[in-house]
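Subject: Structure handover

Hello,

Please find the structure below, followed by notes on what turned up in it. The notes go from single residues to helix packing.

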Amino acid sequence: MKLTGAIFDLDGTLLDSMPYWESVGMRFLQERDIPVPDPVELALQLKTMTLPEAGAFFRRDFGVQDSVEDICTQINHMIEDDYHFRAPLKAGVRDMLEEMKQRGIRMCVASATNRMLVETALKRVGVLDYFQFILTCGDLNTSKNLPYIFDECARRLGTQRESTGVFEDSLHCVITASRAGYPVIGVYDASAASEETEIRELCRRYIREWKDFCAG
C-alpha cells in the first residue's frame, strides 16, 4: 500500500489518552452527586459522541441542568491537565512520523477532541510540526460517524482518497472511513480491545505496535 497522504486520529492512535476519556464522564457525574449506574457502559456510550452530543446526553439522560455549551466547557477543563502534563505519545509514533516525513507523505490530524487540547498535547510531546494541519470535528460541526472530516482532510492535503491512509483505533471511525473508500489502518488500543476482530476485518492493515508499521 503506497500512501501519499495520512490522516491520523489522536486519542488511542497517536496519544495514549483514552484512559482519561474513559473516566471523565463518570467523574463529571460524580462531581454533581449523580449516581453512575454502570461506569463501563457509560464510557462505551460516550465513546462515539462528540462533546456537544455528550452534553445533550447528560442533559437528557441524567437531568444535568447546565447548557450543552457549559457542559462542554466543564469537561474540557476537567481533562485539560491530562493533555498539558500527562498523556504520553504511544511508543514508536515519533519514528513512524519521521519515516513518513522522509518519504514525502503529507500528514494531518483529524480528532473529535478540542483543538486547543490537541495542539497542546502534540506540542508537549514534540511532534506537532510533523503535521500540515489539525482538523477537529468541532471545526466542521460534525462527528466521525460521518465521513466529512476525512474528506476535508484529503482535500486540504491535496491527495487522492485511494492513497490517503486513515489511521484509527475505534470501530465506529473505522466503519466510517472504510465505507467512504479510504484505505484504513487499524491501530490497537486497549480501550477498543473488544472491537479488535471487527476492526481487523474492515482494515487494509492492522498494527498492534507502531514499531511494526512500515510506510513503504
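Ala180 touches Pro147 and Arg161, leaving aside residues up to four places away in sequence; contact here means heavy atoms within 4.5 Å. Ala180 sits in the loop between helix H9 (171–179) and strand E5 (184–187). Helices (H or I, at least four residues) and strands (E, at least two) are DSSP runs, numbered from the N terminus. Ala180 is buried, at a relative accessible area of 15%. Buried stands for under 20% relative accessible area, exposed for over 50%, and partly exposed for what is in between (1.4 Å probe, protein chains only).

As to provenance, this is a predicted model, in which local features need pLDDT of at least 70 and side-chain atom pairs count only at pLDDT 80 or more, while totals for chains, interfaces and linings use all residues. Residues are numbered from 1 along each chain as its sequence is written, and side-chain values use heavy atoms, with hydrogens and water left out.

Two further residues, one buried and one exposed:

- Glu196 belongs to helix H10 (residues 196–202). Glu196 is buried, with a relative accessible area of 15%, and touches Tyr188, Tyr206 and Arg208, again not counting residues up to four places away in sequence.
- Lys123 lies in helix H6 and is exposed, with a relative accessible area of 63%. Lys123 and His84 are 39 residues apart in sequence, but 9.5 Å apart in space, C-alpha to C-alpha.

Next, the cysteines. The structure has zero disulfides, a disulfide being a pair of cysteine sulfur atoms within 2.5 Å. Cys137 is in no disulfide, and its nearest cysteine sulfur, that of Cys173, is 7.8 Å away. Cys173 is likewise in no disulfide, with the sulfur of Cys137 as the nearest one at 7.8 Å. Cys137 is buried, with a relative accessible area of 2%, and Cys173 is buried too, at 4%.

Helix H8 (residues 148–157) has Ile149, Phe150, Glu152, Cys153, Ala154 and Leu157 as its buried residues. The elements covering them include strand E1 (5–8), strand E2 (106–111), strand E3 (133–136), helix H7 (137–140), strand E4 (164–168) and H9. Just after H8, Gly158 adopts a positive phi of about 75°.

Axes are lines fitted to C-alpha atoms, for helices over the stretch in contact, and angles run from 0 to 180 degrees between N-to-C directions. Angles under 35 degrees count as roughly parallel, over 145 as roughly antiparallel, 65 to 115 as roughly perpendicular, and the rest as oblique. A crossing is left-handed if the near helix is turned anticlockwise from the far one by less than a right angle, and right-handed if clockwise. For residue classes, Ala, Val, Leu, Ile, Met, Phe, Trp, Tyr, Cys and Pro count as nonpolar, Asp, Glu, Lys and Arg as charged, and the others, Gly among them, as polar.

H2 and H3. The axes of helix H2 (residues 39–47) and helix H3 (residues 51–62) come within 10 Å and cross at roughly 135°, which makes H2 oblique to H3. The crossing is right-handed. Leu42, Gln45 and Leu46 of H2 meet Ala54, Phe57, Phe58 and Phe62 of H3. By class, that contact has six nonpolar, one polar and no charged residues.

H1 and H4. Helix H1 (residues 18–30) and helix H4 (residues 68–86) have axes that come within 11 Å and cross at roughly 140°, so the two are oblique to each other. H1 passes H4 in a right-handed crossing. Tyr20, Trp21, Val24, Arg27 and Phe28 of H1 make the contact with Ile71, Gln74, Ile75, Met78, Ile79, Asp82, Tyr83 and Arg86 of H4. The classes are nine nonpolar, one polar and three charged residues.

H4 and H6. The axes of H4 and helix H6 (residues 115–124) come within 8 Å and cross at roughly 15°, making H4 roughly parallel to H6. This crossing is right-handed. On the H4 side the contact has Asn76, Ile79, Glu80, Asp82, Tyr83, His84, Phe85 and Arg86, and on the H6 side Met116, Leu117, Thr120, Ala121 and Arg124. These residues divide into six nonpolar, three polar and four charged.

Regards
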